[in-house]
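Here is a friendly walk through one structure, in questions and answers. Take a look at it before reading on.

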Amino acid sequence: MTVKVGIVGYGTIGKRVTDAIMKMDDMTLIGVVKQTPDYEGEVAVSKGIKLYTYEDKLSKFEKVGIKVAGTVNDLLRSVDVIIDATPDGVGAENKAKLYEPAGLRAIFQGGEEAEVAETSFNALANYDMAIGKRFIRVVSCNTTALSRLISAFLLHGYKIRRVRAYLVRRGADPREFKKGPINDVVFNPATVPSHHGPDVQTVLPTIDIVTMAVAVPTTMMHLHMVNIEFDGQISRGEAIKVLEETPRILLFNASSKKFESLAQIIEWARDMGRLRGDLMENAVIEDSITVFQNELFLMQGVHQESIVVPENIDAVRAMFKLSDKWSSIKKTDTALGLVSAGKNYNLT
Ligand code: NAD
């Protein structure tokens, strides 16, 4: 069986998920919904992607000569599931307006409230919770990175007493030319905990986690400074082994390999020929991994534009019961070129 997928919202996340779906042999991309006839639509058509739009926007596309395959309703009638990657809050409106009336299944993104779906989702943390669900929400970029990191230790049998994380967020994505800050550090949000801690608890409900966040004038990646306190001892060597073995986490070494900044990590992804220079894995800075008794400290970079892409794919498999957790994670990583030496796809 191949699952027929439609994408609504073809921006930063939507276009990356679209490309990923096209690489899966158990999924078929039917098309994407776009509202605006622009260069991104033109590129999509040139890649053979079918565009759909709203009835009242058809003439706009026609005017600029961008080919449309049909209306949103045509797409909804042809798919098994919609992956909604519209801006924060629009997904919930689309659910009520479009997906529920059409009797469709849908996957939402982290900008929606958790209540939009039956379960929030991170593949390493709670794949099984999503099996057979009609509505799933893939948690945000920051939450995905924290959930993967915490899950790495849980999957290796470590008991976590508490997690404290300090998030330095990128101000905007590279394509967002109207957004800042350009000369500031913004309390983003000013509340403690920031929403990221509670959001991690939507996929790892028993973890004691508190987060604080600011936004800075960069566009490349977020940086997390994380402190995990364990019940019992862990050595630095053990922590490194856990992270080396866990899929979707990569270690970058500053002293031996000269990875001294996030820019160099992104440059690595570009040099490796990753599509768009994306880095879908957590980028843990190996030199930052430090253990004092039962406390672990580390820094990780989070490529916000792409980190949730593998999870959107796994969410489709869980929803349609196509694979068990580890078969899905391995299949996704293989198709996306994320498998590296030493990764263990059988952690329980
Ligand atoms: P984006 O603004 O880059 O893309 C959204 C796209 O949806 C735009 O092209 C917009 O024109 C289109 N759109 C808006 N309303 C629409 C509608 N009714 N029908 C069809 N298309 C519509 O946004 P994004 O950054 O890709 O974010 C999408 C979701 O992913 C949000 O929930 C966000 O919180 C989440 N997310 C974003 C990031 C990130 O860093 N960019 C990371 C993880 C998760």
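Q: How far apart do the C-alpha centres of domain 1 and domain 2 lie?
A: In this predicted model, those centres of domain 1 and domain 2 lie 26 Å apart. Domain 1 covers 3-139 + 308-336, and domain 2 covers 141-302. Their contact takes 29 residues from domain 1 and 20 residues from domain 2.

Q: Why is Met 212 called partly exposed?
A: Its relative accessible area is 39%. Buried means under 20% and exposed means over 50%, with partly exposed in between, so Met 212 counts as partly exposed. You can find Met 212 in strand β11 (residues 209-216).

Q: Which residues touch the most other members of the largest nonpolar core?
A: Of its 48 residues, these are Val 5, Ile 7, Ile 21, Ile 83, Ile 107 and Phe 121. Helix α12 (residues 309-319) gives the largest share of this core, six residues. At least three residues come from each of domain 1 and domain 2. Apart from this core lies another, of 31 residues, including Leu 149 and Ile 228.

Q: What is Ile 83 in contact with, leaving aside its neighbours within four places in sequence?
A: Its partners include Val 5, Ile 7, Ile 21, Ile 107, Asn 312 and Val 316.

How values were computed
Residues numbered from 1 in each chain as written. Predicted model: local features only at pLDDT ≥ 70, side-chain atom pairs only at ≥ 80, totals over all residues. Heavy atoms only, no water. Helix = DSSP H or I, 4+ residues; strand = E, 2+ residues; numbered from the N terminus. Buried < 20%, exposed > 50% of the residue type's maximum accessible area, 1.4 Å probe, protein only. Core = buried A, V, L, I, M, F, W, Y, C linked by side-chain atoms within 4.5 Å. Domains from an automatic or database assignment. Contact = heavy atoms within 4.5 Å.
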